[in-house]
Amino acid sequence: MSAQPQPAVPQGELDARLRESSFASLPDAFYTRVTGTPLPAPTLIAINPDVADLLGLEDTALQDPGLADLLAGNRPPPNAQPLAAVYSGHQFGVWAGQLGDGRAMLLGAVEHAGQRWELQLKGAGLTPYSRTADGRAVLRSSIREYLCSEAMAGLGIPTTRALALVASDATVWRERAETAAVVTRVAPSFIRFGSFEHWYSRREPERLRQLTDYTLQHFFPELLDDKNPVVALLGEVTRRTAVLMAAWQAVGFCHGVMNTDNMSILGLTLDYGPFGFLDAYDPEHICNHSDDSGRYAYRNQPEIGRWNLYCLGQALMPLIGEVETAETVLKTYPQLYATAWSAAMRAKLGLRASLPQDQSLCDQLLALLAGQHIDFTIFFRTLGSLRLDDASHDAPLRDLFPDRAAFDAWAVLYRERLRQENSDDPTRKRAMNRVNPKYILRNHLAETAIQRAQDKDYSEITRLAGILRAPFDEHPGQESAAGLPPDWASGLAVSCSS
Ligand code: AMP
Ligand code: MG
């Protein structure tokens, strides 16, 4: 039998632009080269124009017929060899040992406008770190990650991004048969707290040194001149994490699985799984149905951020030496968090100045919202329209409260406070509408996009992404996406199964 000529692999612009990731410059011990598991008949179901712009990809690159195969992990790019990184971590407060990219592979890197972006395929198949799992991600969770990373970017919150979503009819078993999908995630780096914990737990200080040097050189070069760059790194990650936690709390975002392997060394929101946004304000809210103890409840997130930083600090101890030095840095967290949180709350309330009574005004409001089960997002967005000198227009706000008198009592204090800084209605409203989103990714919105996609209608993903990328804007005709969740949404459960 004579050999059949191989069909030419269409190679588009992204193929040509992908280079070896800088992570591959680390020694072999940090990763394993992988080829992915072929995904049958992949279809590109969503592509993100904002991320394409970040990467400097032309429209023609997005129409490339070979793109779906490339982003399914079905063939390597010509100039880069994909890899899966090793890391470890604490899961739900317990040391879990080695984990690693069990279903993600780093495809390569793209440079544009002075920034180098790594492209990672989540769900591209088995790696040496898959343990007993299948290396896949289901369509449902991939749509949620695609939409939420773009929603977070739209909210101005540091996050990994999503370039594209590829789907296939291949069956993936979770509690039931589902289908597979792959998200192309984009970030300067996917290094986690757990990447450092890995070498600390293995007692390999030389590897720890290599990873830390790499991180400093590539992502924190400004810290290299510090007299102790490792301490400076811990300080900067502490600051970024505190700021990130405050940003999550201020929009009611719950991550769901804040294990140390899901904490980005760059301070990005990373690894979207059973996340959720608060509907009614409830500090005890647990978005992840697998989180029986509520370890990752909304109210605990800032403290878990701190706990995770202590794990990072511990891992860096062989390089830092003095425990006191690390502790001095870590002890800055509560103040950094408190400062970021109160600045965020002042902005949400439309306050320009910072006065001593603001804390109490804010605490009283949050107690009221919790007690009355008021929708967090709708309340703050509506609050922007309050008229300082005319309570007769308060109906849209006070009608949100079962106990209207309780709102009226708080509104008296709020108006007093606004008068103290001569607040001007239109100016305040404009400022508040820039920090209080109209649109967030509520579970029921994602669920509708998922159900349509399961019937092969992918238009809802693109429609929602379009709204969420500008969540502070009015989107005429799309008001239903800004409303209270429908009754059926209370039955939605998201868990670690993804
Ligand atoms: P996560 O809870 O999603 O952050 O994942 C924790 C660990 O399990 C990581 O090492 C993942 O790569 C791995 N993992 C999760 N789901 C799968 C899967 N379906 N196949 C292989 N590895 C997985
Ligand atoms: Mg993870």
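Predicted model: local features only at pLDDT ≥ 70, side-chain atom pairs only at ≥ 80, totals over all residues.

Trainee: Is R185 buried or exposed?
Mentor: R185 lies in strand β10. The cut-off for a buried residue is under 20% relative accessible area. R185 has a relative accessibility of 2%, so the residue counts as buried.

Trainee: D271 was among the contacts of R185; which residues are the protein donors of the magnesium ion (ligand 2)?
Mentor: D271, which R185 touches, supplies its OD to the ion. The donors lie 2.0 to 2.2 Å from the magnesium ion, and they are N262 (OD1) and D271 (OD).

Trainee: How many of the 8 residues of strand β7 are buried?
Mentor: Strand β7 spans residues 115-122 and is mostly covered. Besides its bridges to β10, β7 pairs with β6 (residues 104-112) in the antiparallel sense over 8 bridges. Of the 8 residues of β7, the number buried is 6.

Trainee: Where does H373, another residue with a positive phi, lie?
Mentor: Most residues other than glycine have a negative phi. H373 is not a glycine, yet its phi is near 55°. H373 has a relative accessible area of 61%, so it is exposed. Its place is the loop between α12 (358-372) and α13 (376-383).

Trainee: What is the phi of K456?
Mentor: K456 lies in the loop between α17 (443-454) and α18 (459-468). Although K456 is not a glycine, its phi is positive, at about 70°.

Trainee: Which residues are in contact with I461, apart from its neighbours within four places in sequence?
Mentor: In soluble globular proteins, nonpolar side chains tend to be buried together. With its sequence neighbours left aside, I461 is in contact with I45, A46, I143, Y146, L147, L165, A449 and A453.

Trainee: Why is the pair of Y214 and F219 edge-to-face?
Mentor: The count of aromatic pairs comes to 20. For Y214 and F219, the ring centres are 5.7 Å apart and the planes stand at 75°, so the pair is edge-to-face. Y214 is buried, with a relative accessible area of 4%. F219 also counts as buried, at 16%.

Trainee: What is the angle between the ring planes of W248 and F253?
Mentor: W248 and F253 are both buried. Their rings are 5.3 Å apart, centre to centre, and form an edge-to-face pair. The angle between the planes is 65°.

Trainee: Over the ring of which residue does the charged end of K348 sit?
Mentor: Ring pairs link Y281, Y298, F376, F379, F380, F401, F407, W410 and Y414 into a cluster. The charged end of R295 sits over the ring of W307, 4.6 Å from its centre. The charged end of K348 sits 4.6 Å from the centre of the ring of F380.

Trainee: Which residues does R398 touch, not counting those up to four places away in sequence?
Mentor: R398 is found in helix α14 (residues 395-398). Its relative accessibility is 25%, so R398 counts as partly exposed. Its C-alpha atom is separated by 59 Å from that of Q11, 387 residues apart along the chain. The residues that R398 touches are R404, F407 and D408.

Methods:
Residues numbered from 1 in each chain as written. Chains lettered and ligands numbered in written order. Heavy atoms only, no water. Contact = heavy atoms within 4.5 Å. Phe/Tyr/Trp six-rings, centres within 6.5 Å; stacked < 30°, edge-to-face > 60°. Buried < 20%, exposed > 50% of the residue type's maximum accessible area, 1.4 Å probe, protein only. Lys NZ or Arg CZ within 6 Å of the ring centre and 35° of its normal. Helix = DSSP H or I, 4+ residues; strand = E, 2+ residues; numbered from the N terminus. Pairing = 2+ DSSP bridges. Donors = N, O, S within 2.8 Å, 3.2 Å for Na, K, Ca; no water.
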